[in-house]
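Keep the viewer open as you read.

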Amino acid sequence: MGKQAKTAIEPTREENYPEWYQEVIKASDMAEISPVRGCMVIKPWGYALWENIMRSLDDMFKTTGVKNAYFPLFIPINFLEKEAAHVEGFAKECAVVTHHRLEQDENGRLIPAGKLTEPLIVRPTSETIIGDSFSKWVKSYRDLPILINQWANVVRWEMRTRIFLRTSEFLWQEGHTVHATREEAIDRTQMMLEVYRKMAEEYLAIPVITGEKSEAEKFPGAETTTCIEAMMQDRKALQAGTSHFLGQNFARASEIKFQSDKEAEEYGWTTSWGSSTRLIGGLIMTHSDDNGVILPPRVASSHVVLMPIIRKDKDKQMVMDYTDELAARLRNISYYGYPIRVEVDARDIGGARNWEWIKKGIPLRVEIGPKDIASDSVFVGRRDKDPKDKSAMGKDAFADDICRILDEIQNTLFQRALDYRKAHTRNIDDKEAFDHFFTPENKERPEIHGGFAMSHWCGDGACEKKIKERLNVTVRCIPYDQENEDGKCIECGKPSGKRVVFAKAY
RNA sequence: CGGGACGUGGCUCAGUCUGGUAGAGCACAGCGUUCGGGACGCUGGGGUCGCAGGUUCAAAUCCUGCCGUCCCGACCA
(Lines give C-alpha, C1' and ligand atoms only; values in the text may rest on other atoms or scores of the structure.)
Protein backbone atom coordinates (compact mmCIF):
# COMPACT_ATOMS: atom_id res chain seq x y z
CA MET A 1 0.00 0.00 0.00
CA GLY A 2 2.71 2.45 -0.96
CA LYS A 3 2.06 6.16 -1.15
CA GLN A 4 0.52 6.16 -4.55
CA ALA A 5 0.70 9.35 -6.49
CA LYS A 6 -2.21 10.39 -8.65
CA THR A 7 0.18 10.90 -11.51
CA ALA A 8 3.50 9.26 -12.24
CA ILE A 9 5.16 12.62 -12.83
CA GLU A 10 5.27 15.32 -10.20
CA PRO A 11 4.78 18.18 -10.52
CA THR A 12 2.08 18.02 -13.20
CA ARG A 13 2.20 20.19 -16.31
CA GLU A 14 -0.31 22.53 -14.77
CA GLU A 15 1.61 22.90 -11.51
CA ASN A 16 5.03 23.64 -12.96
CA TYR A 17 5.64 23.08 -16.62
CA PRO A 18 9.44 23.54 -16.74
CA GLU A 19 9.97 21.22 -13.83
CA TRP A 20 7.52 18.70 -15.24
CA TYR A 21 9.63 18.67 -18.40
CA GLN A 22 12.79 17.81 -16.46
CA GLU A 23 11.01 15.12 -14.51
CA VAL A 24 9.45 13.52 -17.57
CA ILE A 25 12.85 13.13 -19.15
CA LYS A 26 14.34 11.73 -15.98
CA ALA A 27 11.48 9.27 -15.60
CA SER A 28 11.67 8.16 -19.22
CA ASP A 29 15.38 7.36 -18.96
CA MET A 30 16.00 9.11 -22.27
CA ALA A 31 18.79 11.41 -21.18
CA GLU A 32 20.51 13.02 -18.24
CA ILE A 33 22.62 16.07 -17.66
CA SER A 34 26.33 15.44 -17.80
CA PRO A 35 29.17 16.71 -15.64
CA VAL A 36 30.03 19.03 -18.53
CA ARG A 37 28.25 22.34 -18.29
CA GLY A 38 25.23 22.51 -20.56
CA CYS A 39 25.83 19.12 -22.13
CA MET A 40 23.69 16.01 -21.96
CA VAL A 41 24.16 12.28 -22.02
CA ILE A 42 21.64 10.73 -24.38
CA LYS A 43 20.79 7.31 -22.99
CA PRO A 44 19.76 4.32 -25.13
CA TRP A 45 16.01 4.97 -24.91
CA GLY A 46 16.53 8.54 -26.11
CA TYR A 47 19.19 7.69 -28.64
CA ALA A 48 17.00 5.01 -30.24
CA LEU A 49 14.45 7.72 -30.86
CA TRP A 50 17.14 9.88 -32.45
CA GLU A 51 18.27 6.97 -34.59
CA ASN A 52 14.75 6.53 -35.90
CA ILE A 53 14.47 10.24 -36.62
CA MET A 54 17.84 10.18 -38.37
CA ARG A 55 16.90 7.17 -40.45
CA SER A 56 13.61 8.65 -41.61
CA LEU A 57 15.10 12.06 -42.40
CA ASP A 58 18.09 10.49 -44.10
CA ASP A 59 15.82 8.41 -46.34
CA MET A 60 13.86 11.51 -47.30
CA PHE A 61 17.00 13.54 -47.99
CA LYS A 62 18.38 10.83 -50.23
CA THR A 63 15.12 10.59 -52.12
CA THR A 64 15.66 14.22 -53.13
CA GLY A 65 19.18 13.47 -54.36
CA VAL A 66 21.14 14.59 -51.31
CA LYS A 67 24.31 12.70 -50.38
CA ASN A 68 26.00 12.52 -47.01
CA ALA A 69 29.54 13.69 -46.31
CA TYR A 70 31.55 14.82 -43.32
CA PHE A 71 33.46 18.01 -42.64
CA PRO A 72 35.83 19.01 -39.80
CA LEU A 73 34.71 19.79 -36.28
CA PHE A 74 37.29 22.58 -36.10
CA ILE A 75 37.04 25.71 -38.15
CA PRO A 76 39.79 28.30 -38.56
CA ILE A 77 38.66 31.60 -37.10
CA ASN A 78 39.24 33.47 -40.33
CA PHE A 79 36.66 31.27 -42.08
CA LEU A 80 33.97 32.58 -39.77
CA GLU A 81 35.14 36.14 -40.36
CA LYS A 82 34.25 35.95 -44.04
CA GLU A 83 30.54 36.68 -43.72
CA ALA A 84 29.70 39.74 -41.64
CA ALA A 85 26.20 38.84 -40.47
CA HIS A 86 27.39 35.33 -39.72
CA VAL A 87 30.12 36.73 -37.46
CA GLU A 88 27.62 38.82 -35.59
CA GLY A 89 25.28 35.88 -35.15
CA PHE A 90 27.70 33.28 -33.94
CA ALA A 91 30.88 34.89 -32.59
CA LYS A 92 29.48 35.32 -29.08
CA GLU A 93 28.67 31.68 -28.63
CA CYS A 94 31.75 30.02 -30.09
CA ALA A 95 33.93 27.62 -28.17
CA VAL A 96 37.55 28.30 -29.10
CA VAL A 97 40.46 25.86 -29.13
CA THR A 98 43.66 27.67 -28.35
CA HIS A 99 46.10 24.93 -27.32
CA HIS A 100 47.14 21.54 -28.58
CA ARG A 101 49.09 19.99 -25.73
CA LEU A 102 48.83 19.41 -21.99
CA GLU A 103 51.73 19.32 -19.59
CA GLN A 104 51.82 18.30 -15.94
CA ASP A 105 52.82 20.91 -13.40
CA GLU A 106 54.54 20.13 -10.10
CA ASN A 107 51.18 19.26 -8.49
CA GLY A 108 50.33 16.81 -11.22
CA ARG A 109 47.75 19.14 -12.69
CA LEU A 110 47.43 19.26 -16.44
CA ILE A 111 48.12 22.69 -17.89
CA PRO A 112 47.51 23.68 -21.51
CA ALA A 113 50.80 24.25 -23.28
CA GLY A 114 51.60 24.53 -26.97
CA LYS A 115 49.56 27.54 -27.93
CA LEU A 116 48.08 27.40 -31.40
CA THR A 117 49.26 30.14 -33.74
CA GLU A 118 45.81 30.11 -35.35
CA PRO A 119 43.03 29.37 -32.85
CA LEU A 120 40.24 27.09 -34.05
CA ILE A 121 36.58 27.36 -33.27
CA VAL A 122 34.40 24.36 -32.64
CA ARG A 123 31.75 24.47 -35.37
CA PRO A 124 28.53 26.21 -34.33
CA THR A 125 27.37 25.47 -37.91
CA SER A 126 29.38 24.61 -40.98
CA GLU A 127 28.52 27.05 -43.76
CA THR A 128 32.06 28.40 -43.90
CA ILE A 129 34.05 25.18 -43.73
CA ILE A 130 31.75 23.47 -46.21
CA GLY A 131 31.79 26.56 -48.39
CA ASP A 132 35.55 26.25 -48.58
CA SER A 133 35.22 22.72 -49.93
CA PHE A 134 32.44 23.71 -52.29
CA SER A 135 34.61 26.45 -53.76
CA LYS A 136 37.04 23.73 -54.84
CA TRP A 137 34.38 21.33 -56.03
CA VAL A 138 32.57 23.80 -58.24
CA LYS A 139 34.17 24.83 -61.51
CA SER A 140 31.40 24.64 -64.06
CA TYR A 141 27.63 24.78 -64.18
CA ARG A 142 27.95 21.09 -65.06
CA ASP A 143 29.09 20.46 -61.45
CA LEU A 144 25.83 21.85 -60.11
CA PRO A 145 23.77 21.36 -58.15
CA ILE A 146 25.81 20.14 -55.22
CA LEU A 147 23.55 18.52 -52.64
CA ILE A 148 25.30 17.59 -49.41
CA ASN A 149 24.19 16.72 -45.90
CA GLN A 150 26.19 15.97 -42.81
CA TRP A 151 25.16 14.36 -39.56
CA ALA A 152 27.24 15.95 -36.87
CA ASN A 153 27.52 17.50 -33.46
CA VAL A 154 27.82 21.25 -33.09
CA VAL A 155 28.62 23.50 -30.16
CA ARG A 156 26.99 26.77 -29.24
CA TRP A 157 28.06 28.14 -25.90
CA GLU A 158 24.60 29.07 -24.68
CA MET A 159 24.00 31.13 -21.57
CA ARG A 160 21.05 29.10 -20.50
CA THR A 161 20.58 25.47 -21.38
CA ARG A 162 17.68 23.03 -21.24
CA ILE A 163 18.01 19.37 -21.96
CA PHE A 164 17.22 18.55 -25.62
CA LEU A 165 15.88 22.06 -26.29
CA ARG A 166 19.06 24.02 -25.95
CA THR A 167 22.29 22.31 -24.99
CA SER A 168 25.81 23.56 -25.54
CA GLU A 169 26.56 20.56 -27.70
CA PHE A 170 23.82 19.02 -29.76
CA LEU A 171 23.40 16.53 -32.56
CA TRP A 172 21.90 17.57 -35.84
CA GLN A 173 22.01 17.32 -39.56
CA GLU A 174 22.94 20.27 -41.69
CA GLY A 175 22.31 20.23 -45.40
CA HIS A 176 24.23 22.50 -47.74
CA THR A 177 23.55 22.96 -51.41
CA VAL A 178 24.84 25.04 -54.30
CA HIS A 179 22.79 25.89 -57.35
CA ALA A 180 23.30 27.66 -60.65
CA THR A 181 20.25 29.86 -60.27
CA ARG A 182 18.40 31.76 -57.63
CA GLU A 183 15.13 30.00 -58.48
CA GLU A 184 16.61 26.56 -58.13
CA ALA A 185 18.07 27.42 -54.72
CA ILE A 186 14.76 28.81 -53.54
CA ASP A 187 13.03 25.64 -54.75
CA ARG A 188 15.49 23.58 -52.78
CA THR A 189 14.87 25.66 -49.67
CA GLN A 190 11.17 24.95 -50.00
CA MET A 191 11.70 21.30 -50.80
CA MET A 192 13.67 20.74 -47.61
CA LEU A 193 11.20 22.70 -45.54
CA GLU A 194 8.59 20.29 -46.85
CA VAL A 195 10.75 17.37 -45.70
CA TYR A 196 10.80 18.88 -42.22
CA ARG A 197 7.06 19.45 -42.26
CA LYS A 198 6.55 15.86 -43.24
CA MET A 199 8.95 14.62 -40.59
CA ALA A 200 7.23 16.66 -37.90
CA GLU A 201 3.66 15.91 -38.86
CA GLU A 202 3.76 12.38 -40.25
CA TYR A 203 6.49 10.87 -38.10
CA LEU A 204 6.64 12.90 -34.89
CA ALA A 205 2.89 13.63 -34.99
CA ILE A 206 3.67 17.29 -34.28
CA PRO A 207 1.47 19.70 -36.22
CA VAL A 208 3.52 22.60 -37.53
CA ILE A 209 3.04 25.92 -39.23
CA THR A 210 5.37 26.53 -42.14
CA GLY A 211 6.42 30.01 -42.98
CA GLU A 212 9.16 32.60 -43.16
CA LYS A 213 11.07 34.27 -40.39
CA SER A 214 11.04 38.00 -39.90
CA GLU A 215 14.22 39.99 -40.47
CA ALA A 216 14.97 39.93 -36.76
CA GLU A 217 14.59 36.17 -36.43
CA LYS A 218 16.30 34.90 -39.53
CA PHE A 219 19.56 32.97 -39.73
CA PRO A 220 22.67 35.18 -39.64
CA GLY A 221 23.74 35.56 -43.24
CA ALA A 222 20.58 34.23 -44.86
CA GLU A 223 18.49 36.06 -47.39
CA THR A 224 15.37 34.28 -46.17
CA THR A 225 14.86 31.77 -43.41
CA THR A 226 11.92 29.41 -43.54
CA CYS A 227 10.83 27.35 -40.60
CA ILE A 228 8.39 24.94 -39.05
CA GLU A 229 6.86 26.17 -35.81
CA ALA A 230 5.03 23.98 -33.34
CA MET A 231 2.98 24.74 -30.25
CA MET A 232 4.06 23.07 -27.05
CA GLN A 233 1.65 22.21 -24.23
CA ASP A 234 2.62 25.37 -22.36
CA ARG A 235 1.50 27.13 -25.54
CA LYS A 236 4.94 28.45 -26.35
CA ALA A 237 6.27 28.11 -29.87
CA LEU A 238 9.15 25.85 -30.76
CA GLN A 239 11.10 26.18 -33.97
CA ALA A 240 11.57 22.57 -34.96
CA GLY A 241 13.50 22.93 -38.21
CA THR A 242 14.78 25.62 -40.53
CA SER A 243 15.67 25.90 -44.17
CA HIS A 244 17.58 28.92 -45.41
CA PHE A 245 17.95 30.54 -48.78
CA LEU A 246 21.40 32.09 -48.50
CA GLY A 247 21.39 33.97 -51.79
CA GLN A 248 24.96 34.53 -52.91
CA ASN A 249 26.15 35.77 -49.51
CA PHE A 250 28.13 32.67 -48.61
CA ALA A 251 29.16 32.01 -52.19
CA ARG A 252 30.84 35.42 -52.18
CA ALA A 253 32.37 34.80 -48.79
CA SER A 254 33.74 31.41 -49.78
CA GLU A 255 34.40 32.13 -53.45
CA ILE A 256 32.01 29.53 -54.76
CA LYS A 257 32.17 30.46 -58.44
CA PHE A 258 31.42 28.64 -61.63
CA GLN A 259 31.46 29.10 -65.36
CA SER A 260 27.94 29.32 -66.69
CA ASP A 261 26.78 27.91 -70.00
CA LYS A 262 27.18 31.45 -71.30
CA GLU A 263 30.88 31.28 -70.36
CA ALA A 264 30.42 33.90 -67.66
CA GLU A 265 31.88 33.56 -64.19
CA GLU A 266 29.07 33.54 -61.62
CA TYR A 267 28.63 33.05 -57.94
CA GLY A 268 26.64 30.03 -56.86
CA TRP A 269 23.35 30.25 -55.01
CA THR A 270 23.40 28.33 -51.76
CA THR A 271 20.99 26.93 -49.21
CA SER A 272 21.36 25.36 -45.83
CA TRP A 273 18.85 23.53 -43.68
CA GLY A 274 18.98 21.87 -40.30
CA SER A 275 17.13 19.99 -37.64
CA SER A 276 18.44 18.74 -34.36
CA THR A 277 17.97 16.74 -31.19
CA ARG A 278 15.68 19.60 -30.26
CA LEU A 279 13.04 17.63 -32.16
CA ILE A 280 13.09 15.20 -29.24
CA GLY A 281 12.37 18.00 -26.81
CA GLY A 282 9.54 19.14 -29.06
CA LEU A 283 8.13 15.66 -29.24
CA ILE A 284 8.19 15.34 -25.46
CA MET A 285 6.55 18.70 -24.90
CA THR A 286 3.90 18.04 -27.52
CA HIS A 287 2.66 14.62 -26.52
CA SER A 288 3.68 13.72 -23.00
CA ASP A 289 1.22 13.80 -20.12
CA ASP A 290 1.37 13.71 -16.33
CA ASN A 291 2.24 10.02 -16.46
CA GLY A 292 5.31 10.54 -18.61
CA VAL A 293 6.41 10.49 -22.20
CA ILE A 294 4.14 9.35 -25.03
CA LEU A 295 6.04 8.25 -28.11
CA PRO A 296 4.46 8.38 -31.56
CA PRO A 297 4.76 4.87 -33.04
CA ARG A 298 6.53 5.83 -36.26
CA VAL A 299 9.62 7.01 -34.39
CA ALA A 300 9.16 5.22 -31.06
CA SER A 301 12.31 3.71 -29.58
CA SER A 302 10.31 0.50 -29.33
CA HIS A 303 6.72 -0.23 -30.30
CA VAL A 304 5.61 -2.83 -27.85
CA VAL A 305 6.72 -4.41 -24.60
CA LEU A 306 5.70 -7.94 -23.73
CA MET A 307 5.40 -8.54 -20.00
CA PRO A 308 5.05 -12.18 -19.04
CA ILE A 309 3.14 -12.72 -15.82
CA ILE A 310 4.43 -15.71 -13.95
CA ARG A 311 2.58 -16.72 -10.82
CA LYS A 312 3.96 -20.17 -10.24
CA ASP A 313 7.24 -21.76 -11.17
CA LYS A 314 5.47 -24.49 -13.09
CA ASP A 315 3.99 -21.88 -15.44
CA LYS A 316 7.26 -20.14 -16.10
CA GLN A 317 8.49 -22.12 -19.08
CA MET A 318 5.11 -22.14 -20.74
CA VAL A 319 4.56 -18.39 -20.34
CA MET A 320 8.07 -17.55 -21.49
CA ASP A 321 7.79 -19.79 -24.53
CA TYR A 322 4.49 -18.20 -25.48
CA THR A 323 5.96 -14.72 -24.99
CA ASP A 324 9.12 -15.40 -26.96
CA GLU A 325 7.12 -16.91 -29.77
CA LEU A 326 4.89 -13.84 -29.96
CA ALA A 327 7.94 -11.57 -29.85
CA ALA A 328 9.48 -13.42 -32.78
CA ARG A 329 6.22 -13.26 -34.69
CA LEU A 330 5.85 -9.50 -34.13
CA ARG A 331 9.45 -8.88 -35.15
CA ASN A 332 8.61 -10.46 -38.48
CA ILE A 333 5.95 -7.86 -39.12
CA SER A 334 6.98 -4.79 -41.07
CA TYR A 335 5.75 -1.37 -40.00
CA TYR A 336 6.54 1.32 -42.60
CA GLY A 337 9.35 -0.78 -43.96
CA TYR A 338 11.03 -1.69 -40.70
CA PRO A 339 10.43 -4.59 -38.31
CA ILE A 340 8.18 -4.00 -35.31
CA ARG A 341 10.44 -3.16 -32.38
CA VAL A 342 9.67 -5.48 -29.47
CA GLU A 343 10.87 -5.49 -25.87
CA VAL A 344 10.44 -8.49 -23.61
CA ASP A 345 10.48 -7.52 -19.94
CA ALA A 346 10.35 -10.53 -17.67
CA ARG A 347 11.58 -8.78 -14.52
CA ASP A 348 9.63 -9.71 -11.43
CA ILE A 349 9.35 -6.24 -9.92
CA GLY A 350 5.60 -6.01 -9.52
CA GLY A 351 3.51 -3.20 -10.94
CA ALA A 352 6.57 -0.98 -11.15
CA ARG A 353 7.36 -2.75 -14.39
CA ASN A 354 4.17 -1.59 -16.02
CA TRP A 355 4.66 2.00 -14.82
CA GLU A 356 8.22 2.12 -16.01
CA TRP A 357 7.05 1.48 -19.55
CA ILE A 358 4.25 4.00 -19.21
CA LYS A 359 6.77 6.64 -18.18
CA LYS A 360 9.03 5.66 -21.08
CA GLY A 361 6.11 6.20 -23.42
CA ILE A 362 6.11 2.89 -25.29
CA PRO A 363 2.97 2.80 -27.48
CA LEU A 364 1.80 -0.70 -26.52
CA ARG A 365 2.09 -2.75 -23.34
CA VAL A 366 1.12 -6.38 -23.48
CA GLU A 367 0.62 -8.57 -20.43
CA ILE A 368 0.79 -12.29 -20.99
CA GLY A 369 -0.25 -14.64 -18.19
CA PRO A 370 -1.52 -18.19 -17.86
CA LYS A 371 -5.13 -17.01 -18.03
CA ASP A 372 -4.55 -15.27 -21.36
CA ILE A 373 -2.66 -18.18 -22.76
CA ALA A 374 -5.52 -20.51 -21.86
CA SER A 375 -7.74 -18.52 -24.22
CA ASP A 376 -4.90 -17.80 -26.66
CA SER A 377 -5.16 -14.09 -26.00
CA VAL A 378 -3.13 -11.15 -24.67
CA PHE A 379 -3.94 -8.21 -22.43
CA VAL A 380 -3.18 -4.91 -24.12
CA GLY A 381 -2.69 -1.37 -22.82
CA ARG A 382 -2.21 1.62 -25.13
CA ARG A 383 -0.19 4.67 -24.16
CA ASP A 384 -2.71 7.03 -25.77
CA LYS A 385 -5.31 5.77 -23.28
CA ASP A 386 -5.58 5.73 -19.51
CA PRO A 387 -3.05 3.45 -17.77
CA LYS A 388 -5.89 1.39 -16.27
CA ASP A 389 -7.71 1.06 -19.58
CA LYS A 390 -6.49 -2.35 -20.72
CA SER A 391 -8.33 -5.01 -22.65
CA ALA A 392 -8.01 -8.62 -23.76
CA MET A 393 -7.45 -9.42 -27.42
CA GLY A 394 -6.99 -12.66 -29.26
CA LYS A 395 -3.27 -13.18 -29.84
CA ASP A 396 -3.69 -13.66 -33.59
CA ALA A 397 -5.97 -10.66 -33.85
CA PHE A 398 -3.38 -8.59 -32.00
CA ALA A 399 -0.54 -9.68 -34.24
CA ASP A 400 -2.62 -9.17 -37.37
CA ASP A 401 -3.82 -5.80 -36.18
CA ILE A 402 -0.74 -4.31 -34.58
CA CYS A 403 0.14 -2.01 -37.47
CA ARG A 404 -3.38 -0.67 -37.56
CA ILE A 405 -3.34 -0.09 -33.79
CA LEU A 406 -0.02 1.72 -34.00
CA ASP A 407 -1.38 3.91 -36.79
CA GLU A 408 -4.42 4.64 -34.70
CA ILE A 409 -2.20 5.80 -31.84
CA GLN A 410 -0.12 7.85 -34.25
CA ASN A 411 -3.25 9.56 -35.58
CA THR A 412 -4.70 10.14 -32.13
CA LEU A 413 -1.54 11.90 -31.02
CA PHE A 414 -1.44 14.12 -34.09
CA GLN A 415 -5.11 14.98 -33.82
CA ARG A 416 -4.85 15.71 -30.11
CA ALA A 417 -1.91 18.06 -30.69
CA LEU A 418 -3.68 19.73 -33.59
CA ASP A 419 -6.82 20.25 -31.51
CA TYR A 420 -4.74 21.74 -28.75
CA ARG A 421 -3.08 24.16 -31.11
CA LYS A 422 -6.38 25.16 -32.64
CA ALA A 423 -7.90 25.69 -29.21
CA HIS A 424 -5.14 28.15 -28.36
CA THR A 425 -4.78 29.98 -31.64
CA ARG A 426 -6.77 33.21 -32.03
CA ASN A 427 -7.17 35.88 -34.59
CA ILE A 428 -6.55 39.02 -32.59
CA ASP A 429 -7.00 42.49 -34.06
CA ASP A 430 -7.22 44.58 -30.93
CA LYS A 431 -4.09 45.68 -29.13
CA GLU A 432 -5.66 45.47 -25.70
CA ALA A 433 -6.93 41.96 -26.37
CA PHE A 434 -3.48 41.07 -27.70
CA ASP A 435 -1.77 42.24 -24.51
CA HIS A 436 -4.38 40.51 -22.39
CA PHE A 437 -3.89 37.26 -24.31
CA PHE A 438 -0.19 37.22 -23.44
CA THR A 439 -0.46 38.37 -19.84
CA PRO A 440 -0.82 35.76 -17.10
CA GLU A 441 -3.43 36.21 -14.37
CA ASN A 442 -0.89 35.37 -11.72
CA LYS A 443 2.23 37.45 -12.29
CA GLU A 444 4.19 35.84 -9.45
CA ARG A 445 3.74 32.29 -10.68
CA PRO A 446 2.51 32.58 -14.24
CA GLU A 447 0.01 29.91 -15.18
CA ILE A 448 -0.02 28.36 -18.63
CA HIS A 449 -1.51 31.08 -20.79
CA GLY A 450 -1.52 32.64 -24.23
CA GLY A 451 -0.85 30.68 -27.37
CA PHE A 452 -0.57 31.70 -30.99
CA ALA A 453 -1.98 35.09 -31.84
CA MET A 454 -2.67 35.47 -35.55
CA SER A 455 -2.40 39.20 -35.90
CA HIS A 456 -1.54 41.78 -38.46
CA TRP A 457 1.94 43.20 -38.54
CA CYS A 458 3.19 46.02 -40.73
CA GLY A 459 6.57 44.37 -41.19
CA ASP A 460 8.50 47.02 -39.29
CA GLY A 461 11.15 45.68 -36.96
CA ALA A 462 10.47 48.52 -34.56
CA CYS A 463 6.95 47.24 -33.88
CA GLU A 464 8.26 43.74 -33.43
CA LYS A 465 10.78 45.03 -30.93
CA LYS A 466 8.24 46.99 -28.93
CA ILE A 467 6.02 43.94 -28.61
CA LYS A 468 8.95 41.85 -27.54
CA GLU A 469 9.98 44.35 -24.90
CA ARG A 470 6.47 44.65 -23.55
CA LEU A 471 5.31 41.04 -23.60
CA ASN A 472 8.31 38.89 -24.53
CA VAL A 473 6.31 37.86 -27.56
CA THR A 474 7.87 37.64 -31.02
CA VAL A 475 6.90 37.00 -34.60
CA ARG A 476 7.38 33.25 -34.87
CA CYS A 477 6.72 33.13 -38.55
CA ILE A 478 4.89 34.61 -41.45
CA PRO A 479 2.83 31.61 -42.46
CA TYR A 480 2.59 30.46 -46.06
CA ASP A 481 -0.81 28.89 -45.70
CA GLN A 482 -3.07 31.92 -45.52
CA GLU A 483 -5.12 34.22 -47.67
CA ASN A 484 -3.97 37.78 -48.13
CA GLU A 485 -6.18 39.96 -46.00
CA ASP A 486 -6.10 43.68 -45.34
CA GLY A 487 -5.79 44.75 -41.76
CA LYS A 488 -3.91 46.99 -39.39
CA CYS A 489 -0.65 46.32 -37.56
CA ILE A 490 -1.45 45.21 -34.04
CA GLU A 491 1.21 47.58 -32.70
CA CYS A 492 1.19 50.74 -34.80
CA GLY A 493 -2.06 50.47 -36.79
CA LYS A 494 -0.41 50.90 -40.17
CA PRO A 495 -1.85 48.85 -43.03
CA SER A 496 -0.86 45.21 -43.30
CA GLY A 497 -1.72 42.62 -45.92
CA LYS A 498 -1.10 39.50 -43.86
CA ARG A 499 -1.43 37.94 -40.47
CA VAL A 500 1.64 36.53 -38.74
CA VAL A 501 2.07 34.16 -35.82
CA PHE A 502 2.90 35.93 -32.59
CA ALA A 503 3.90 33.80 -29.58
CA LYS A 504 6.28 33.36 -26.72
CA ALA A 505 9.07 31.12 -27.85
CA TYR A 506 11.68 28.62 -26.73
C1' C B 1 26.31 37.75 -18.55
C1' G B 2 22.64 40.40 -14.61
C1' G B 3 18.76 39.08 -10.57
C1' G B 4 16.86 35.03 -7.40
C1' A B 5 16.77 29.96 -5.29
C1' C B 6 19.59 25.77 -4.41
C1' G B 7 23.82 21.94 -3.97
C1' U B 8 23.89 16.16 2.13
C1' G B 9 23.89 7.88 -0.62
C1' G B 10 20.71 6.68 -7.27
C1' C B 11 16.03 10.04 -6.01
C1' U B 12 13.25 13.43 -2.48
C1' C B 13 14.78 15.73 1.64
C1' A B 14 15.92 16.47 7.41
C1' G B 15 20.20 18.12 10.04
C1' U B 16 23.06 24.27 9.08
C1' C B 17 20.16 29.43 12.68
C1' U B 18 22.85 27.55 18.14
C1' G B 19 30.05 23.74 15.31
C1' G B 20 30.67 18.01 18.94
C1' U B 21 30.19 10.01 16.25
C1' A B 22 26.14 11.70 8.98
C1' G B 23 20.15 10.52 9.25
C1' A B 24 14.98 9.26 7.10
C1' G B 25 11.72 7.72 3.18
C1' C B 26 11.90 5.84 -1.64
C1' A B 27 15.21 3.12 -4.89
C1' C B 28 19.03 -1.04 -4.86
C1' A B 29 20.80 -6.48 -3.22
C1' G B 30 19.50 -11.29 -0.55
C1' C B 31 15.70 -14.40 1.68
C1' G B 32 10.62 -15.27 2.58
C1' U B 33 5.27 -14.11 1.99
C1' U B 34 2.42 -12.17 -1.77
C1' C B 35 1.13 -10.62 -6.70
C1' G B 36 -2.81 -9.83 -13.47
C1' G B 37 -0.52 -6.10 -7.65
C1' G B 38 3.19 1.17 -8.62
C1' A B 39 2.64 -5.03 -2.44
C1' C B 40 4.65 -6.66 2.72
C1' G B 41 8.37 -8.44 6.37
C1' C B 42 13.33 -9.32 7.78
C1' U B 43 18.47 -8.61 6.57
C1' G B 44 22.14 -5.90 3.94
C1' G B 45 25.26 -2.56 0.71
C1' G B 46 25.97 2.41 -0.45
C1' G B 47 27.56 9.31 1.38
C1' U B 48 35.58 12.32 2.21
C1' C B 49 27.73 16.50 3.06
C1' G B 50 29.47 20.35 -4.94
C1' C B 51 35.03 21.85 -5.05
C1' A B 52 39.22 24.64 -2.90
C1' G B 53 41.04 27.50 0.88
C1' G B 54 40.37 29.69 5.86
C1' U B 55 38.69 30.08 11.30
C1' U B 56 38.57 26.28 15.33
C1' C B 57 40.72 21.32 19.92
C1' A B 58 36.65 20.04 16.52
C1' A B 59 33.20 22.19 10.31
C1' A B 60 27.63 19.32 6.51
C1' U B 61 27.07 23.54 10.04
C1' C B 62 30.93 29.73 10.47
C1' C B 63 34.01 32.89 6.60
C1' U B 64 36.11 33.61 1.44
C1' G B 65 36.58 32.10 -3.52
C1' C B 66 35.18 28.90 -7.38
C1' C B 67 32.03 25.22 -9.94
C1' G B 68 27.29 23.31 -11.10
C1' U B 69 21.74 22.99 -11.34
C1' C B 70 16.90 25.36 -11.63
C1' C B 71 13.82 29.87 -12.29
C1' C B 72 13.35 35.09 -14.37
C1' G B 73 15.82 38.39 -17.98
C1' A B 74 19.42 39.36 -22.32
C1' C B 75 21.07 35.51 -26.39
C1' C B 76 19.70 31.33 -29.25
C1' A B 77 17.96 25.47 -33.15
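What you have here is a predicted model. Start at Ala205, which sits in the loop between helix H6 (182-203) and strand E9 (209-212). Is this residue buried or exposed? Ala205 has a relative accessible area of 0%, so it counts as buried, the cut-off being under 20%. Who surrounds it? Leaving aside residues up to four places away in sequence, Ala205 touches Ala200, His287, Pro296, Gln410, Leu413, Phe414 and Ala417. Another residue to look up from here is Leu295: 90 residues away from Ala205 in sequence, but with a C-alpha to C-alpha separation of 9.3 Å.

Now check the backbone. Most residues other than glycine have a negative phi, and most peptide bonds are trans. You'll find Asp376 in the loop between helix H11 (370-374) and strand E20 (377-382). With 33% relative accessibility, Asp376 falls between the 20% and 50% cut-offs, so it is partly exposed.

On to the peptide bonds. The one from Glu10 to Pro11 is cis, with omega near 0°, and Pro11 belongs to the segment before helix H1 (17-28). The bond from Leu144 to Pro145 is cis too, with omega near -5°. Pro145 is in the loop between helix H5 (127-137) and strand E7 (146-155).

Next, a sheet. Three strands make an open sheet in the order E4-E6-E5, and the pairing is antiparallel. Strand E4 (74-76) and strand E5 (96-104) are its edges, each pairing on one side only. On average, neighbouring strands here are turned by 45° against each other, ignoring direction. Zoom in on E5 and strand E6 (residues 110-122): seven bridges join this antiparallel pair. In one of these, Gln104 has Leu110 of E6 as its bridge partner.

Finish at the second largest pocket, which holds about 390 Å³ of space. It is lined by 18 residues, and the closest to its centre are Pro308, Ile309, Gly350, Gly351 and Arg353. Which elements give two or more residues to this lining? They are strand E15 (304-308) and helix H10 (352-360), with H10 giving the most, three residues.

Conventions:
Residues are numbered from 1 along each chain as its sequence is written. Chains are lettered from A and ligands numbered from 1 in the order in which they are written. This is a predicted model: local features need pLDDT of at least 70, side-chain atom pairs count only at pLDDT 80 or more; totals for chains, interfaces and linings use all residues. Side-chain values use heavy atoms; hydrogens and water are left out. Helices (H or I, at least four residues) and strands (E, at least two) are DSSP runs, numbered from the N terminus. Buried means under 20% relative accessible area, exposed over 50%, partly exposed in between (1.4 Å probe, protein chains only). Contact means heavy atoms within 4.5 Å. On a 1 Å grid over the protein atoms alone, a cavity is a set of points where a 1.4 Å probe fits but cannot get out, and a pocket is an open set with protein on both sides within 12 Å along at least five of seven lines; lining residues have an atom within 4 Å of a point. Grid points are joined across faces, edges and corners, and a volume is the space filled by probe spheres set on the points. Two strands pair if DSSP finds at least two bridges between them. Axes are lines fitted to C-alpha atoms, for helices over the stretch in contact, and angles run from 0 to 180 degrees between N-to-C directions.
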